There are 2 protein chains.
Amino acid sequence: MNVGGLLASAGVNSVVCLAVFSLYSVLRKQPSFVAVYFGHKLARSKSKRRDPFWLGRLVPSASWVVKAWDATEDELYVAGGVDAVVFLRAVIFSIKLCIVASIICLAFVLPLNYFGKEMQHKHIREELLTVFTIGNVQRGSEWLGFHCLVLHIITICACFFLYSEYKYIMKMRLNHINSPLYRPSQFTVVVRAIPWIDQESYSDTLANFFTDFYASSYLSHQMVYEKSAIQKLMSDAERMYKILRNIHMERRYVKRLLRCGFCGSHSNASQDFRALSDESISITNDESFLDDSDECGAALVFFRTRYAALVASEALQSQNPMAWVTNAAPEPRDMFWANLCVSYQSLWIRKIIVVVASIFFVTFFLFPVVFTQSLVHLDKLTKLLPFLEKVVRRVVLEQLVTGYLPSVILTLFLCLVPPVMYVFSTLEGVISRSERKRSACIKVLYFVIWNVFFANILTEAAIDHYQISILKLGDYKNIPSLLAKAVPTTATFFMTYCLTSGWASLACELIQPFPLIANLFTRHILRSTEDSPYPYTFPYHTEVPRVLLFGLLGITCSTLAPLILPFVLVYFMLAYLVYRNQILNVYVTDYDSGGQYWPIIHNTTIFSLVLTQVIALGVFGIKDAPGPSTFTFPLIVVTLLFNQFCRQRFLPVFFRTPAKSVIEMDRRDEQGGQMEEIHQSLLTAYTQYTSKNGNKNKEIVSRTDAELDETEKGDICRA
Amino acid sequence: MNVGGLLASAGVNSVVCLAVFSLYSVLRKQPSFVAVYFGHKLARSKSKRRDPFWLGRLVPSASWVVKAWDATEDELYVAGGVDAVVFLRAVIFSIKLCIVASIICLAFVLPLNYFGKEMQHKHIREELLTVFTIGNVQRGSEWLGFHCLVLHIITICACFFLYSEYKYIMKMRLNHINSPLYRPSQFTVVVRAIPWIDQESYSDTLANFFTDFYASSYLSHQMVYEKSAIQKLMSDAERMYKILRNIHMERRYVKRLLRCGFCGSHSNASQDFRALSDESISITNDESFLDDSDECGAALVFFRTRYAALVASEALQSQNPMAWVTNAAPEPRDMFWANLCVSYQSLWIRKIIVVVASIFFVTFFLFPVVFTQSLVHLDKLTKLLPFLEKVVRRVVLEQLVTGYLPSVILTLFLCLVPPVMYVFSTLEGVISRSERKRSACIKVLYFVIWNVFFANILTEAAIDHYQISILKLGDYKNIPSLLAKAVPTTATFFMTYCLTSGWASLACELIQPFPLIANLFTRHILRSTEDSPYPYTFPYHTEVPRVLLFGLLGITCSTLAPLILPFVLVYFMLAYLVYRNQILNVYVTDYDSGGQYWPIIHNTTIFSLVLTQVIALGVFGIKDAPGPSTFTFPLIVVTLLFNQFCRQRFLPVFFRTPAKSVIEMDRRDEQGGQMEEIHQSLLTAYTQYTSKNGNKNKEIVSRTDAELDETEKGDICRA
């Protein structure tokens, strides 16, 4: 690709982005899409905006940009919690580092690369992009020392920024923990693997244990119940009711269209069913139906003070490490009840299976991709599989298969990745939703780095240099030089990737195509009058890996192929605006990990830095520059030591709670006389079974199948 | 080597062993060596055995074997603590596994290997040892399935034994923790990294912190002082006094020989010095000399209950994870005071440096060995370095250099390993002597496995098959087949290694050459009348790796070269008797890790099993046996899963204390009314500075150099 092509591509993508942004600025003003673009505000205010029509609604404007820009960090914290602020700090960190790298690399490194060899330069528009990479510098050139210096400057800046961010975020997390807002989770401990004692229910065993060993601080407990048959029936009935209602509405709509509105008495069935459903909910909404046999060996135990709960959550309770396992409890809305009943004894094997499955998934994901791309060569396939010949004869089908199917299948596969990782994380047996998302985030991150970054570099190496044979021999010493050859040449691809996938993903994030289509579908096809709200939480498990991937691209290419930096910088700046807007307006914040994403971001950045240094080492090796090589090696050591220092200095606070903080909070509440109040509210804080209609916040408790009387069963079946 | 050679070697070694054992049985009856062979009993009873001469003293007997055999596990526990029992359980485990493997492998696998190929067998005495290995089985033979079956049986037996041992040792450890014996460490927490607050001593800061946050359970504290100048002077003076006294005695002895005993008044100087030394000790034995400026940021904090100490030791105290670091305290005699004053901030970097240094040491240890062995070819060296020629002309020197020097240097290097690892572990900053020994044990284990097991196999591969080139390419897929080829051929070497190094090390351990020579030296050359006691603790850091190495040899060679098994079995049986005897009689037990050596033993055994399976996989691959290969792979997975299960089920108890246990112990003491007594004794339990004469148990406290008055300084200098 030459410079002209790149500029054209950048132009097209900019125009598309601008168009989408303008479209968004119009769409967000339409009252009918308020549920799509203001889910957060809708969930907060519960009032629907029904503005009259005004002309401004159709004119694109940049007001949302101004609003997103003006929001303070406190507003973001209120809207999205610590995690949102951490995510935006990661974007800000990337912007800062990118600006520093851009200034140095574009001003000094780019000319060095361009004039690195004595050659006849073409007109700038027709110049190949590879002349801007380090590949264009002569072997043994003295200017390579300058590349090494730039690498040092970038590393030092990155470490400095990382350190200050880590410190800042640690303080924020501590403030978050110390905040005067009362959180039930601080008084609560999740107990799993309660041992089964004959002729005693789990509840009695638990009460005996804690009144015995934690007499002074034990307040109360709440058992976790298995999702019993009645609960399953209830949710089935609810789902069926919804489906029937939708079908009925559709029928009514069609009838109204055909018969011009004569369908008054036809809705009786639906009303009947709705009444029945409400009745059955009210019948089962009684705790006396709960049976001991539904208890599973897990419970929530409430303590009188935060400190007691902290101590109980961290101790090894009994002589058997696989009984009486205690953990800090998640917040009520963060609780992932389904996994609490999973046998603790099986957790370790679940984790192993999930790790193995994830590794397989990440490593061999490219095989179906390669298979789909092989479909492009359909003529070859038909020779191998003659029965395909008949199908292929139809020209339209052939074009479809060769032209669109591969990319469609690839996109579908890629869309599958986050949900699959989500399922993996669920199977791991995590007990909180935030932990599940964090775990999925890590898996997606591995996936993205392997399948986008490394896979492309290896493919490049295989195509351009026929060097895959080196890799097959597994000679680890050659990996730096392999990367050194492949990264500068792959940089061109990464530039276009940044333009298409990066910028486009932001436009996509802004316009929210899926909720938009769903909204249009329900409003105009199903004719539903209800604004179904989209209470999505922020998809950290897809967005954090994406931002980190572009960070990795920016850092690794900075000294080798600095032309990518402006595009990455633009991506981060757009990301800053878009994500601020989305956090303020679109997503709701049901749960919060308290900034536990930062260690992931930190570690990935350190990985990027070290990878860059290793690649640079390879490049200096290829280019016969012993001096820069010598100076790069200590840089790797220092970077790793810096990482280790940060682990010592900051990391423990992200996974453990300081005793001092909770003791001080307990004192504050005791002196303020709020402890009694807190103890009262604790007992009702956690509810395992809530109705699916989240707004009602109604508790549905379960009972055994046997107790359900036959008439009710018949009613549900008939409905 | 052929069978005859092996038998001859075994015969010679057996005779040598028997001779040494007989010598030991005589030596141990001599009253003059009671300090060498009964250090343990001497330390306990403090009374010296002064039997009259009787003829039985010169007759070898097997009474010690009977005594060692008869000792119960309780006696061993009393003599050597949990660690001694764990070590002996490891030996018993090895014996059990070895018996099972010997029966199966010698009865079934050995004939299979011997008749594996259709070949003309020589007379059994002249048969090469390689015909007894799996290398003699034909390619594609159906009998390889039997090898696979035997591997399965051995693995299952090993896992079964490991599981029952782990369970047994976990119970023993819990009983040890729960024992009614009061241990000060259970009430004590080591606090490091006390923050420095202006105009406040560390002691005040600490008292404020703990009275503030642990008001109900905080009892008292004791600061740790830096080894100040006066303390150094004191120990120098003491050492000088001892040297002078020894020289004086020597002089007296020589004079007595020459002048037939006229040296009455000459001992005045020594008496003067002794008096002076005692005086200076008594002067400094006063706590009022202690200065705040000698405090370092570490202390021991005593709590009212064991539970409070446990909670305080496990919590993250403050918002800064590098301040107020708390750990469970070691026992008073286990305490390693010198490391308590090491700045906590520097610990992480010390650990990294030690890890890197250990890796270098383990990996590159063989280079000096190779260098020493290159000295054998002195004629080559003289060509390179002509100035050596003159030296070499002397025939005696040449023979010395070529004949003995290489093995002497190698032995010296090998003797250096445990002390070097000990120093590494000290530099790591561990705060207990048991932890230091455990850490050194792990390092020596890595050293032994790499430098004895793998180095020999690789050398074998390099010499016999010129396959080192495969290794250079680093192709990890070839490693199993490389091992598969090399291990059976190296088995011959391992057999002789077991005979020489294994059996000889036990004889050496029994006869204790170094203390014996030291004893002879002091008694007959220095003419000292005092039995200097040798209060050695058991050298787990050399003996555990040795036993584990022979376990590794036995397991890996079991199916491949079963002829090694009888030798390993004899080694373990001798080890059982010898180590029981040594624990009962020789070594004192100053400190105890509470069975923390078992996880090391368990992990190494699992490693040995998996390595064996991987090698078997390689062998089956070479021998074209797809069936056995297929069945071996799941065995590896199951073994690893078993290990993971044990980690979950047992491991936590080895590094954390169950809350239930300590709460029950606290209750017992409170109900028994012993708490007050315990609190009183706690305050004097830990003493940082004791006199070097351990028996007196006299506390020497330090003071600053400035306070030492000039006269005293002069006296010490003149002395």
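**Notes on the interface and on one strand**

1. The contact takes 28 residues from chain B and 28 residues from chain A, two residues being in contact if their C-beta atoms, placed from the backbone, lie within 7 Å. This is a predicted model, in which local features need pLDDT of at least 70 and side-chain atom pairs count only at pLDDT 80 or more, whereas totals for chains, interfaces and linings use all residues. Residues are numbered from 1 along each chain as its sequence is written, and chains are lettered from A and ligands numbered from 1 in the order in which they are written.

2. On the side of chain B that touches chain A, the largest share, four residues, comes from helix 27 of chain B, helices being DSSP runs of H or I with at least four residues, and strands runs of E with at least two, numbered from the N terminus.

3. Strand 1 of chain B (residues 188-192) has five of its five residues buried, that is, with 20 or more other C-beta atoms, placed from the backbone, within 10 Å of their own. B:T188, B:V190 and B:R192 point one way from this strand, and B:V189 and B:V191 the other way.

4. Strand 1 of chain B runs antiparallel to strand 3 of chain B (residues 295-303), joined to it by four bridges, and B:V191 stands opposite B:A299 in strand 3 of chain B.

How values were computed:
A residue is buried if 20 or more other C-beta atoms lie within 10 Å of its own, exposed if 12 or fewer, and partly exposed in between; C-beta atoms are placed from the backbone. Two strands pair if DSSP finds at least two bridges between them.
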